[in-house]
Amino acid sequence: MPLKLMYITNKPKVAQIAERHHVDRIWVDLEKRGKIERQKGRNTVISNHTLKDVSAIRNSISTSELLVRVNPVYEGSDKEIDECIQRGADVVMLPFFTEAEEVMKFLDFVNGRARTLLLVETIGAEKNLNKILGLSGIDEIHIGLNDLHIQYGQKFMFELLANGKVEEILQQIKQRHIPIGFGGIARLDEGMLPARHIIAEHYRLGSTMAILSRSFYDSWISDDYEEIERVFKFGIDEIREYESRLEHESPKFFEENRMTVIKEVQEVVNRMQGR
């Protein structure tokens with residue numbers, strides 16, 4: 001089954017282009033609380049999305065789902081989540097939690113009115129995962145490699161894929177039959193770790209979703225809609241054609257790809273360390 005692809009934007013025209021080329025979910029990102037501090041000095045973007053953007057994207061798309069990432073649980077979470085759902089969110093994502101109690105509050109706030117997606121991106125969430133998985137109302141889980149690799153003190157987010165940590169977490173989640181995903185991907189042959197190798201790992205591990213990252217197309221810095229249209233058309237077509245081939249590949253292919261990932265990740269880390 002093809003990966004469920006997600007793209008972050010608050011621009012209605014970009015959302016419509018992504019939907020036209022069969023991106024499954026358009027993602028509005030409201031998370032701001034604590035993010036500047038924990039990602040200081042990193043090549044990351046702090047979202048400027050607002051609740052009004054939830055409505056704007058809802059009104060601009062019809063076939064893609066609307067995903068909204070809210071803030072970590074705080075005193076205003078119930079009102080924030082309620083308004084996101086009222087404005088049309090199909091899926092609500094909880095980021096940067098560590099305890100089952102936070103997840104329980106989140107699930108209570110959503111109260112079955114939208115699908116729930118947990119973003120496992122802290123060591124605490126990983127350590128408490130068994131307890132968290134015992135809660136009812138969790139629809140999907142995604143492993144957030146950016147924050148998680150920072151917590152582990154690593155240089156490159158895909159070290160967690162190469163060292164088996166992603167597989168370890170996914171196996172635990174799969175036992176509960178909850179749909180899972182991890183990380184982001186660029187164009188098929190682009191990215192510090194080429195997307196084709198990451199996608200093959202998604203298939204080997206039974207992952208069902210991935211984010212189209214800024215490396216796929218950074219609509220934050222461009223309003224060239226003809227270029228955006230071109231990138232999404234050819235980029236998504238490339239990914240889907242490659243996925244159709246992966247469905248017929250042998251276990252040997254996937255094991256060789258896994259070893260390639262380990263080798264290429266180490267090469268990236270060595271370059272980052274100036275070796």
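Trainee: What should I know about the source and the numbering?

Mentor: This is a predicted model, in which local features need pLDDT of at least 70, side-chain atom pairs count only at pLDDT 80 or more, and totals for chains, interfaces and linings use all residues. Residues are numbered from 1 along each chain as its sequence is written, and side-chain values use heavy atoms, with hydrogens and water left out.

Trainee: How many residues does the largest nonpolar core have?

Mentor: The largest nonpolar core has 80 residues, and those with the most contacts inside it are I199, L212 and F232. Such a core is a set of buried Ala, Val, Leu, Ile, Met, Phe, Trp, Tyr and Cys residues joined through side-chain atoms within 4.5 Å. Buried means under 20% relative accessible area, exposed over 50%, and partly exposed in between (1.4 Å probe, protein chains only).

Trainee: Which helix gives the largest share of this core?

Mentor: Helix α12 (residues 225-246) does, with seven residues. Helices (H or I, at least four residues) and strands (E, at least two) are DSSP runs, numbered from the N terminus.

Trainee: And what is F232 in contact with?

Mentor: Leaving aside neighbours within four places in sequence, F232 is in contact with Y7, I17, A18, H21, V23, L212, F216 and D237. Contact means heavy atoms within 4.5 Å.

Trainee: What do the buried residues of α3 pack against?

Mentor: They pack against α1, β2 (25-29), β3 (65-69) and α4 (77-86). In helix α3 (residues 51-58), the buried residues include D53, V54, S55 and I57.

Trainee: Changing topic, what is the phi of N111?

Mentor: Phi of N111 is near 55 degrees, a positive value in a residue other than glycine. Most residues other than glycine have a negative phi. N111 is found in the loop between α5 (100-110) and β5 (115-120), and is exposed, with a relative accessible area of 58%.

Trainee: Where is H177?

Mentor: H177 is in the loop between α10 (165-174) and β7 (180-185). Phi of H177 is near 60 degrees, again a positive value in a residue other than glycine, and H177 is exposed, at 72% relative accessible area.

Trainee: What does the side chain of T122 reach?

Mentor: The side chain of T122 reaches the backbone oxygen of F97 at 2.6 Å and the backbone nitrogen of A125 at 2.9 Å. T122 is found in the loop between β5 and α6 (123-127) and is buried, with a relative accessible area of 0%.

Trainee: Finally, which residues line the second largest pocket?

Mentor: Its lining consists of M1, P2, L3, K4, E140, P179, Y203, S207, T208 and M209. These residues divide into six nonpolar, two polar and two charged.

Terms used: On a 1 Å grid over the protein atoms alone, a cavity is a set of points where a 1.4 Å probe fits but cannot get out, and a pocket is an open set with protein on both sides within 12 Å along at least five of seven lines; lining residues have an atom within 4 Å of a point. Ala, Val, Leu, Ile, Met, Phe, Trp, Tyr, Cys and Pro count as nonpolar, Asp, Glu, Lys and Arg as charged, and the others, Gly among them, as polar. A polar contact is a pair of N or O atoms within 3.5 Å; within protein, one must be able to donate a hydrogen and the other to accept it, and residues adjacent in sequence count only if both atoms are side-chain atoms.
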